Amino acid sequence: MASQRTLGPLVLMVCLPPLTYYFYLCLRDFGGALVLPRSAADLHDLAARVPPPTPQALALYGGWVVLQVLLQVWAPGQVRQGVPLDEGSRLAYRLNGWLSFWVTLAVVAAAVGAGVLSPTAAYDEFGSLLATVNLVAFALAAVLYVQGRRAGSTTDDPIRDYFMGTMLNPRLGGLDLKFFCESRPGLILWVVFNLSFAAAQHQRHGTVTLAMLLVNAFQFLYVADYFFHEEAILTTWDIKYERFGWMLAWGDLVWVPFTYTLQAYYLVDHAPELSPAATAGIVALNLAGYVLFRASNIQKHRFRRDPEAPVWGRAPEYIRTTAGSLLLTSGWWGIARHVNYLGDLVMALAWCLPTGFRHPLPYFYVVYMTVLLLHRERRDNAVCREKYGTDWNAYCRKVPWRILPGVY
Ligand code: NDP
């Protein structure tokens with residue numbers, strides 16, 4: 001049993017980093033085509049293309065992390081209490097992400113304007129940054145493991161402990177490592193990468209295409225929205241329940257900025273034709289997804305704060321559970337039990353469509369999000385069923401659809 005529980009983490013830690021390199025090499029060297037190595041020699045050739053970490057990438061990423069830490073620790077922002085921990089206490093979080101996001105962009109713009117940083121630096125160094133950040137993520141997980149050992153929270157399964165983490169809220173001085181890594185170094189880097197890819201397109205082809213502008217604008221909106229509503233992160237699954245180990249650290253630092261940027265990277269050297277009708281359709285799709293995502297999440301958030309406030313202009317309908325929580329059954333939450341995931345999926349599709357239909361690789365994001373959110377919905381459903389018992393069954397009868405009404 002212990003070995004089975006260890007096998008999954010091992011497979012993920014061995015396979016996921018090479019997958020991110022593989023995507024990068026497909027984009028950089030094969031025009032976005034998914035190359036299939038057919039022999040050991042092919043595999044060797046592919047491996048030989050993997051860029052090593054460079055001093056420049058180390059300096060860039062070191063500077064990046066230092067800037068993000070300084071902003072997290074020093075930038076002004078409201079201090080909010082997190083959800084109650086098991087022993088009843090609450091941790092304080094400084095919510096300065098919105099300011100940090102804009103200050104970071106201003107610092108990057110100033111560095112580019114002053115000629116200290118090339119506008120294409122992130123694009124030029126993408127491969128060596130990928131190598132560098134992988135090392136940082138593995139090292140961070142090792143630090144977390146050692147910290148867990150010292151705190152006596154490890155088990156007799158070191159691989160699983162390393163992968164899942166052993167502590168819920170590890171802190172270094174005033175820095176909450178999980179809260180920090182969840183957004184700052186990765187999410188903001190996602191936006192900076194995209195901007196750098198647009199600059200690279202301009203440098204290489206003398207233009208920034210409509211498709212590139214759309215992908216940049218859509219994803220910028222999503223990340224900016226995240227920081228604008230930063231308080232909501234305090235009640236997310238990751239912050240409330242997930243321990244901080246390799247899985248979250250690597251996901252936040254490597255997976256998000258290096259795979260969520262596939263579409264924009266692909267567009268550097270591809271210019272799919274977008275008719276006015278196609279453009280209007282894609283913009284409408286993104287806006288629809290965004291409205292669904294934002295409105296449903298905020299509706300639940302507000303309902304939990306004030307259960308009497310009107311929902312869509314009427315008194316809210318809900319189920320009062322014996323555990324004490326209320327489950328909203330009207331408004332967006334009367335349509336499907338995770339209608340917010342549907343919003344994310346609609347947006348994910350809108351972010352891929354501008355890349356055209358020549359290669360499947362830029363569609364990885366929507367496929368990945370579908371798998372992630374289907375799995376997440378099942379996991380959340382299981383947790384809620386255990387927590388709320390028959391009340392959850394009553395809720396499922398009242399709101400039978402999981403994500404997409406009429407289909408799933
Ligand atoms: P949710 O915000 O959907 O939260 C689920 C929790 O909300 C449940 O565990 C339950 O918690 C509570 N809840 C469920 N139903 C109701 C109801 N009817 N009324 C009141 N409370 C209810 O989950 P996530 O944190 O997974 O997702 C948040 C957003 O982040 C989503 O839009 C998702 O798509 C997005 N996301 C994006 C990712 C990305 O990489 N882009 C990755 C993951 C998520 P309890 O009762 O214990 O309070």
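**View 1. Gln 201 in helix α8 of the predicted model.** In this predicted model, Gln 201 belongs to helix α8, which spans residues 177-205. Its relative accessible area is 2%, and Gln 201 is therefore classed as buried, the cut-off for that class being under 20%. Leaving aside residues up to four places away in sequence, Gln 201 touches Gly 206, Thr 207, Val 208, Thr 209 and Met 212, together with Leu 267, Val 268 and His 270.

**View 2. The shell of residues around the ligand.** The ligand is surrounded by 26 residues, of which Arg 304, Asp 344, Asp 380, Lys 387 and Tyr 388 are the closest. By residue class, this shell comprises 16 nonpolar, three polar and seven charged residues. Domain 1 (1-270) and domain 2 (272-408) each contribute at least three residues to the shell.

View 3. At least two shell residues come from each of α10 (237-241), α13 (276-305), β6 (326-328), α14 (339-352) and α15 (364-388). Helix α15 makes the greatest contribution to the shell around the ligand, giving eight residues.

View 4. A polar side-chain atom of Asp 380 is placed 2.6 Å from an oxygen atom of the ligand. For Asn 297, a polar side-chain atom lies 2.9 Å from a ligand oxygen atom, and for Asn 340 the distance from a polar side-chain atom to an oxygen atom of the ligand is 2.9 Å. The ligand taken alone exposes 930 Å², and 86% of that area is buried by the protein.

Definitions and conventions:
Residues numbered from 1 in each chain as written. Predicted model: local features only at pLDDT ≥ 70, side-chain atom pairs only at ≥ 80, totals over all residues. Heavy atoms only, no water. Near = heavy atom within 4 Å. Polar contact = N/O pair within 3.5 Å; in protein donor to acceptor, adjacent residues only side chain to side chain. Areas by Shrake-Rupley, 256 points an atom, 1.4 Å probe, with all protein chains shown as cover. Helix = DSSP H or I, 4+ residues; strand = E, 2+ residues; numbered from the N terminus. Nonpolar A, V, L, I, M, F, W, Y, C, P; charged D, E, K, R; others polar. Domains from an automatic or database assignment. Buried < 20%, exposed > 50% of the residue type's maximum accessible area, 1.4 Å probe, protein only. Contact = heavy atoms within 4.5 Å.
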